[in-house]
Structure formats: C-alpha cells, structure tokens
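Here is a short briefing on one structure. Please look it over before reading the points below.

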Amino acid sequence: MSTTSNPVSPLIQPLGEMPPDSVVFGSTEAMRALRDRLSKIAGANVPVLIHGESGTGKDIIARMIHASSPWKTGPWVKVNCPAIPGTLLESELFGYEKGAFTGAYGTKPGRVEMAHRGTLFLDEISELDMALQSKLLQLLQDGQFCRIGAQEDKKVEVRVVCATNRKLEEEIANGSFRSDLFYRINVVNLHMPSLRERAADIPQLVSYFLEYHNRKFNSRAVHPSADLMNALKKYHWPGNVRELENLMKRYVILGTEESISGDLRPHEQDFFSADISVDGPISLKKITRQAVRELEGKIILKVLQHHHWNRKQAARALNISYRALLYKIRDAGLPSNRAPRRPQPGETVSHTIAAD
Ligand SMILES: Nc1ncnc2c1ncn2[C@@H]1O[C@H](COP(=O)(O)OP(=O)(O)OP(=O)(O)O)[C@@H](O)[C@H]1O
Ligand SMILES: [Mg+2]
C-alpha cells in the first residue's frame, strides 16, 4: 500500500466567492441552530451529510465547512456526481493505471487522491451507482482505495462532505442506496431549511442581492416597494435562495417591479400542479372545471372581503352581474347571506356575507 502525495491538479478548485456569514445565516432560529452545529463539527474529521431542497445553500455550507476546518489550507475538491457520465465517474473519482482499459495511455490520479489532506465534496451523492458506493464505503472505512487497474491500494486522508436533495432513506428503501454507506456518511447531518421556513430572512437577502447585483451590473435599481416586499415574503419559493437571487438579478437588470412581480403568484394558485392520480382513467374536463371553480372561489372570497362582504360592490369590481355573483357564491360553497358588519380595525374578517 502506498500513501499518496498531493499532486497539483486543475481538478482542485478555488473555494470561490461567498456571501458574508451574516447574510448566509440571517437571523432565524433554524439558521442559528445550523451555524452552531457547523461550528461544532467543522474541526472534527467526520463525514458530514448536508441535505435540503435545491437552492437552499448546500454548496455554500460545504465550502464553509472546508474553510473553517483544520484542512482549510489543503485542497477543496468538488465532484458533481450527476455531471460526470456513469462510466467515467469511477476513473474520475479513483483514477487509473496505464493500460487499465483501452485508451488509458498513462497513469491518472483521481479526485479522491487530489483531495489528500483536504476536503472531498461529493455533490448529489444519491447518483453514485452501487459499485462506486462500495468503493466509497471502503474509503470511508479505512481511508483506502484502489485506482482502476492498480495492484495495490492507496491510502489518503480526506474529509468527506456529501450533499443531496433526495431523501436517502427512500433511496435505501427502493434498493438504490446502500444503508451501510448511508450510516457512514451520515455521522453528522446538516439540514438546510427551505426559504419558506426562514421567510423572516428575506428582507436581508433582498438587500444583499440588490446591492451585490447593482455593483456587478453597474445598475442603480432602488429598494423594492413595501408591496413588492410583502409579495416576496409571502411567496412559497420552490427554488429557494437561488430563485430569490435570480429574481433580484432580473430586477436589477430590468429595473422595474413589474419584471418580477408576475412570478410571485401565491402558493394556493398552484393547484395546477396538484397531485392528480394518473393510475386510473381521468377526465380532463372535470379536473379543469374543478380548478376553475376553485380559482373563482378564491378570487370571489378575496374581493368580498375587500368590499366588507357587500355583494353589489363585489359584483361591480368583478365585472359580473349581481345574479351571476350570487350563483357563483353558492357554487363555490361560500358562506350564506348574513347580517352585515364592518370589521373593526385589527379584527380578522369573518366569512359572513353582508346583505347589500
Ligand atoms: N443562505 C444563503 N445566503 C446567500 N446566498 C445563498 C444562500 N443559500 C443559497 N444562496 C445562493 O443561492 C444559489 C444556490 O446555492 P447553492 O448552490 O449553495 O444551493 P444548493 O442547495 O447546493 O442547490 P442544489 O441542490 O440545486 O445544488 C447560489 O448562488 C448561492 O450563492
Ligand atoms: Mg448544490
């Protein structure tokens, strides 16, 4: 067995630019807990598994782990597993010896070796096939691995950090991920909260991205209005911080609130993507009619609330006849006609409909 030295390679990437810690962590409880955990585990050479939805900052956190670890002066090697075709991944990760396969004209070290005395970041770990999962397991167990075509194992010292946006427990249940590997990489796990769970941090992120992209694009976009900020805070952010950053970039470049406000549709209107079972026969007509009814009901409710349940005013605002509104109210299953009462300031509006 030989111990690897640290060859200089273009595979070792620079850590790259990162937002300041105060921006990355914001001030919500979930992020404070994450920061605490990160500071405790950064210095211990144990594998870390980072999981969370796409765009929540797993990459940033992995780089932070490296930057605050004792191996920070060593290499940072990131492997984006799905980006490397399956057949190449083994040689990319573990390297090969001359003549190991057709086309192996020389010896090539893999990224595992490149990461010696540094951090190996395996992004989207669920994409590794079973054979590579076994080789990774060996690496995590005793620090040893074998280049393709080599006679003997090599030994490396690497800190392994993995990331995934899939539920690995489900991958284990369906037989595509080894449970023993899961326990090895999951010694410490960090969960990245979605942006929905940390909506209180949105204003700070908005200010940061506004300033950052104004500088980058030499623009002078002004801070979003209170209305737009409200919409940003209420939006459900399926693409998390990445989506917010891209939206702010567009805002800075195009310079108008209209250029982004259309994207901030409330979550409730996303019924089009609702779970529709396609196992049995489905009626497109029925589903569409139901979706339109639901949407109408929500709009009518909103307008009625706005007009303190005055149906004549609401019908005018909706540009439909009074009779049509009464019919739609019934059809949408909204509450029936009751005594009118203007809500007091600060009072939650009830669902009773005013006599006009
Ligand atoms: N907490 C944060 N503070 C500032 N910027 C962030 C934060 N989280 C994510 N970003 C920004 O959002 C983008 C996506 O972040 P990152 O690549 O770390 O997400 P990810 O969780 O790895 O996503 P994926 O699962 O799609 O790979 C980056 O441009 C990053 O700078
Ligand atoms: Mg990522």
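The points below cover a ligand shell, a sheet and a helix pair. The model is predicted. Ligand 1 lies between domain 1 (2-191) and domain 2 (196-265), because both give residues to the shell around it. An open sheet of five strands is also present, and helices H14 and H15 pack at an angle of about 100 degrees.

**Ligand 1**
- The shell around ligand 1 holds 15 residues, and Ser54, Gly57, Lys58, Asp59 and Val241 come nearest.
- Helix H1 (21-25), helix H3 (58-67) and helix H11 (240-254) are the elements that each give two or more residues to this shell.
- By class, the shell has six polar, five nonpolar and four charged residues.

**The five-stranded sheet**
- The strand order is S3-S4-S7-S2-S8, and the pairing is parallel.
- Strand S3 (76-80) and strand S8 (188-191) each have a single partner strand, so one side of each is left without a neighbour in the sheet.
- On average, neighbouring strands of this sheet are turned by 20 degrees against each other, direction ignored.
- S3 and strand S4 (residues 118-123) run parallel and are joined by five bridges.
- Trp76 stands opposite Thr119, which belongs to S4.

**Helices H14 and H15**
- Helix H14 spans residues 311-318 and helix H15 spans residues 322-331.
- Their axes are 9 Å apart, and the packing angle is about 100 degrees.
- Angles of 65 to 115 degrees count as roughly perpendicular, so H14 and H15 are roughly perpendicular to each other.
- On the H14 side, Arg311, Lys312, Ala314, Ala315 and Leu318 make the contact. They meet Tyr322, Leu325 and Leu326 in H15.
- By class, this contact of H14 with H15 has six nonpolar and two charged residues, with no polar ones.

Notes: Residues numbered from 1 in each chain as written. Chains lettered and ligands numbered in written order. Predicted model: local features only at pLDDT ≥ 70, side-chain atom pairs only at ≥ 80, totals over all residues. Pairing = 2+ DSSP bridges. Helix = DSSP H or I, 4+ residues; strand = E, 2+ residues; numbered from the N terminus. Axes fitted to C-alpha atoms, helices over the stretch in contact; angles between N-to-C directions. Parallel < 35°, antiparallel > 145°, perpendicular 65-115°, else oblique. Contact = placed C-beta atoms within 7 Å. Nonpolar A, V, L, I, M, F, W, Y, C, P; charged D, E, K, R; others polar. Near = placed C-beta within 6 Å. Domains from an automatic or database assignment.
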